[in-house]
Every structure is written in C-alpha cells, then in structure tokens.
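Hello,

Here is the structure I promised to pass on to you. Please have a look at it first, and then read my notes below.

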Amino acid sequence: MSCLRDLIANAAFLSQWRGTNKGLLAFLELATGIDGFKIEETVLDDSQKIKPFHLKILVPAAAEQFTDLIRRIVDTEKPIYVTYELEMLKSS
C-alpha cells in the first residue's frame, strides 16, 4: 500500500517527466518499492549494429516478481515508437 501512496504523492513529478528515462526509472522504483533499475539506450543487435529507438531495461533480481507490472508500466510510459527488452539482473 505504501507504493501506491508514493505513486500518488509523486504524480506531478511523474507527469512532468513522462516519456523520459528519468520518469520511467522513477515510476518503476516507486511502483515496485525496489531501487536499482537501469536503462541502456545503446543496444546492439546480433551483427553489432545499434538498434535504433530500442531500450534495454535492467531489472533488479528483487523485482522479478513484478515482471508483469513492469511491462505494463513500460508499455504505457515509453514513447510509442520505442521498443524495449527486459533483462533480469542476477542477485549479488
């Protein structure tokens, strides 16, 4: 319940930064209550060429249980033309 309260308290901030990496990271961390998300903007394909308009979102191992929620948030918060992939980080 505290995550929902944090989201509501930060609604103006999230709205201001919607469609940006800063806003997406903040949304993911507030919604899951877990820090450590990262976004890689330079993602290479199999032939080592940059995938244009593609993000790799690195998800902390502790947030793996929230994968469906994370996908829903990313789908609604990213610009429509951007594609993405999720990569689960190993716990340390």
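Phenylalanine 53 is exposed, as its relative accessible area is 57% (exposed means over 50%, buried under 20% and partly exposed in between, with a 1.4 Å probe and protein chains only). Before I go on, a word on the basis: this is a predicted model, in which local features need pLDDT of at least 70 and side-chain atom pairs count only at pLDDT 80 or more, while totals for chains, interfaces and linings use all residues. Residues are numbered from 1 along each chain as its sequence is written, and side-chain values use heavy atoms, with hydrogens and water left out.

**Aromatic pairs**

There are two aromatic pairs, counted when ring centres of Phe, Tyr and Trp (its six-membered ring) lie within 6.5 Å; planes under 30 degrees apart are stacked, over 60 edge-to-face and the rest tilted. Phenylalanine 13 and tryptophan 17 form a tilted pair, with ring centres 6.4 Å apart and planes at 45 degrees. Phenylalanine 13 is partly exposed at 29% relative accessibility, and tryptophan 17 is partly exposed at 28%. The rings of phenylalanine 53 and tyrosine 81 are edge-to-face, with centres 5.3 Å apart and planes at 90 degrees. This pair links distant parts of the chain, 28 residues apart: phenylalanine 53 sits in the loop between strand E1 (38–40) and E2, and tyrosine 81 in the loop between H4 and E3. Helices (H or I, at least four residues) and strands (E, at least two) are DSSP runs, numbered from the N terminus. Tyrosine 81 is exposed too, at 54%.

Lysine 22 lies over the face of tryptophan 17, 4.1 Å from the ring centre (the rule asks for NZ of Lys or CZ of Arg within 6 Å of the centre and within 35 degrees of the ring normal).

**The core**

The largest nonpolar core has 21 residues, and Leu24, Leu28, Ile57, Val59, Ile70 and Val74 touch the most other members. Such a core is a set of buried Ala, Val, Leu, Ile, Met, Phe, Trp, Tyr and Cys residues joined through side-chain atoms within 4.5 Å. H3 contributes the most, with six residues. Beyond its neighbours within four places in sequence, leucine 28 is in contact (heavy atoms within 4.5 Å) with Phe37, Ile57, Ile70, Ile73 and Val74.

**Threonine 67**

Threonine 67 belongs to helix H4 and counts as buried at 18% relative accessibility. Leaving out residues up to four places away in sequence, threonine 67 touches Leu86 and Met88.

Best wishes
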